[in-house]
Protein chains: 2
Amino acid sequence: MNCKKCGVKAVINMRQHKLGLCKEHFLDWIPQQTQRFIEKYSMFAKDERILVAVSGGKDSLSLWDVLDRLGYHADGLYINLGFDNGTDYSLKSQQCAQTFAETRKLSLQVVAIEALEGFSIPEASRLTLRGQGRPCSVCGLAKRHILNRIAREQDYGVLVTGHNLDDEAAVLFGNTINWATGYLMRQSPVLEARSGLARKVKPFFRFYERETAAYALLRGIDYIHDECPYATGATSLYYKELLNTMEAKQPGAKLSFFLSFLRAKESGFLGEGSSDDLRELRVCQSCGQPTTAADTCAYCRTWEQIRSRRPKAVEGRHT
Amino acid sequence: MNCKKCGVKAVINMRQHKLGLCKEHFLDWIPQQTQRFIEKYSMFAKDERILVAVSGGKDSLSLWDVLDRLGYHADGLYINLGFDNGTDYSLKSQQCAQTFAETRKLSLQVVAIEALEGFSIPEASRLTLRGQGRPCSVCGLAKRHILNRIAREQDYGVLVTGHNLDDEAAVLFGNTINWATGYLMRQSPVLEARSGLARKVKPFFRFYERETAAYALLRGIDYIHDECPYATGATSLYYKELLNTMEAKQPGAKLSFFLSFLRAKESGFLGEGSSDDLRELRVCQSCGQPTTAADTCAYCRTWEQIRSRRPKAVEGRHT
């Protein structure tokens, strides 16, 4: 397989596009495609202030790199979740994010959950019923809350995440298998701002995971290669596997699945029957962020529960 | 695992219902559940004339058995497709259907495609572009056409097929993966009659394939065990496999997938954006059956093409 642009040996073959590219042309192609998606889906403009959710992984660092190269004004926000027990996952990922930002002279804010709320995510998940002992639910809640709060408080025009097609197709697969109508209505690469919720977009939603990984590698970005230590056994990974077996049988299956969903949605096929999308948003009486709850938002309620269940030994520790 | 009703050793464990049953109680349970589905989905009444599409396989013969036991007036229709080259598939399946009908003194009509149109399905598929050499497309077209014509001409109130949950979930999976909005709108265990199309219902749509197979075996029904010789490599079998891996991981996944789809539909979630369902039906100028085409229906056009491409050697054969 040779590069379609210049004929030298290709470093990547994207079977769904019948496209092989050499290193140089692949490193051009990803930003060009990203710019095309940004325009096609009216994501954001050059004069907007963009907040990138940076995890230290291949997707978010590649995205930040591409946005910077394309001339967008994109600042980073890293959230330290405290996933360090035995793995140094948070320590290492924060280092990747900080080194990336320093090298390129980009602005990165760091928020540590433990400094903010008194507990790391693993500690918190042991003290709440939410997530039934797994930290994923508390973690997602915290990330959504903090990202939204900072995007709004600091007047960013848009909050940008590095979700790739594999991520999006896996979420869509789960929503579809359960015909979760509310989530299906909300799933989109562009979510408009409403009642206190920042605008959210996913410029990488049409790239396969292997493409963002190849981009990070070929661009020489130092990212954290480890999966989140709590990802093992996650349903989303199982859905990714299923989709990969379908992709292996029929190249392009994942992309076609997601794009045909977007087309069906645009055509007005998905009605509004039981959509959560229409649920009115109120203001949390504790933090002022939007919520569908009557008084206090899920974030505030969860942390209140966590603090109330703090063990005596932890309260009194001096180490 | 013991029978939930009487405590003796169970012959089947239906994990999605957390229900084990002995032979006797399973043979009662299937008709009871069928009656429940017939009522729940307003399928048909005791005084209606029912036409059962009988293939000679486990699903259609079990269904016919159950409808007869429940006191419904159900006649059978067997279509001989001419799948006999090397396999005797049609010969054997017709024998199963006829023996079943004779033993129970039930009325069975037999229609042979070759007698009706001059070619078996495998011969026809070699002479048409439809299906690209695979007989499945011509076969499906012929079966739908003949079943509908006979149901309408002979004034049956409803046409009943033995599709089980595995069949329906696989079709739904394919339609969903492609977000085939028109097909998603039409997929239902009950399709009401409209402009020349008979009413169609699937009373077994909530039974797993292994349950209809177990019913046929335990009831002593002699059915054809072979798969259709042309099924190998069919996409629907691949989807069934994928769904089975999901079912193995989470018992009830198939049922929940299909039922949540029906709920989403009932809630009005699926709109009418690009639905084929709304396409006006016209009358075929050749056979008088309903069609979305402007003049001649796909069935008539296909057989016209087949006859026009008949090889000279076949025309002149005397054997």
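Me: How many salt bridges does a search of the whole structure find over all chains?
Reply: Happy to start there, with the reminder that this is a predicted model. Searching the whole structure, over all chains, gives a count of 22 salt bridges.

Me: Which side chain meets that of Asp167(A) in a salt bridge?
Reply: The pair links distant parts of the chain, 73 residues apart. Asp167(A) sits in helix H7 (residues 165-177) of chain A, while its partner belongs to helix H10 (residues 235-249) of chain A. Both residues of the pair are buried. At 2.7 Å, N to O, the partner is Lys240(A).

Me: Nice. In chain B, how far apart are the closest N and O atoms of Asp59(B) and Lys58(B)?
Reply: These two residues form a salt bridge. Asp59(B) is buried, and Lys58(B) is buried as well. Their closest N and O atoms are apart by 3.1 Å.

Me: Which residues do salt bridges with shared partners join into one network?
Reply: This one is in chain A, and it links an aspartate with arginines. The members of the network are Asp65(A), Arg69(A), Arg104(A) and Arg219(A).

Me: Let's turn to the interface. What is the count of salt bridges between chain B and chain A?
Reply: The two chains do touch: 27 residues of chain B are in contact with 27 residues of chain A. The area buried between them is about 2,400 Å², and carbon and sulfur atoms give 74% of that. For salt bridges between chain B and chain A, the count is 0.

Me: Which three residues supply more of the area that chain B buries against chain A than any other three?
Reply: Together they supply 32% of the area that chain B buries against chain A. They are Ile177(B), Trp179(B) and Phe269(B).

Me: What is the phi of Trp179(B)?
Reply: Most residues other than glycine have a negative phi. Trp179(B) is found in the loop between helix H7 (165-177) and helix H8 (181-186) of chain B, and it is buried, with a relative accessible area of 4%. Although it is not a glycine, its phi is positive, at about 40°.

Me: And Gln132(B), is that residue buried or exposed?
Reply: Gln132(B) also is not a glycine and has a positive phi, of about 50°. Its place is the loop between helix H5 (121-127) and helix H6 (136-153) of chain B. Exposed residues are those over 50% relative accessible area. Gln132(B) has 77%, so this residue is exposed.

Me: Now the sheet in chain A. Which strands stand at the edges?
Reply: The open sheet has 6 strands with mixed pairing, in the order S5-S4-S3-S6-S8-S7 (chain A). Each edge strand has a single partner strand, so one side of each is left without a neighbour in the sheet: these are S5 (108-112) and S7 (190-191).

Me: In what sense do S3(A) and S4(A) pair?
Reply: For contrast, take S7(A) and strand S8 (residues 200-201) of chain A, which pair in the antiparallel sense over 2 bridges; there Leu191(A) stands opposite Lys200(A). In the other pair, Ile50(A) stands opposite Ala74(A) in S4(A). S3(A) and S4(A) have 6 bridges, and their sense is parallel.

Me: How many of the residues of S4(A) are buried?
Reply: Helix H2 (residues 58-69) of chain A lies across S3, S4, S5 and S6, running at about 155° to S3(A). Helix H3 (residues 89-104) of chain A lies across S3, S4 and S5, at about 160° to S4(A). S4(A) is mostly covered, and of its 8 residues the buried number is 7.

Me: Last one: how many disulfides does the structure hold over all chains?
Reply: Cys96(A) is in none, with the nearest cysteine sulfur, that of Cys228(A), 15 Å away. Cys297(A) is in none either, and there the nearest, that of Cys300(A), is 3.7 Å away. A disulfide needs the sulfur atoms within 2.5 Å. Over all chains, the number is 0.

Key
Residues numbered from 1 in each chain as written. Chains lettered and ligands numbered in written order. Predicted model: local features only at pLDDT ≥ 70, side-chain atom pairs only at ≥ 80, totals over all residues. Heavy atoms only, no water. Pairing = 2+ DSSP bridges. Helix = DSSP H or I, 4+ residues; strand = E, 2+ residues; numbered from the N terminus. Contact = heavy atoms within 4.5 Å. Axes fitted to C-alpha atoms, helices over the stretch in contact; angles between N-to-C directions. Buried area = accessible area lost by both parts, 1.4 Å probe. Salt bridge = Lys/Arg side-chain N within 4 Å of Asp/Glu carboxyl O. Buried < 20%, exposed > 50% of the residue type's maximum accessible area, 1.4 Å probe, protein only.
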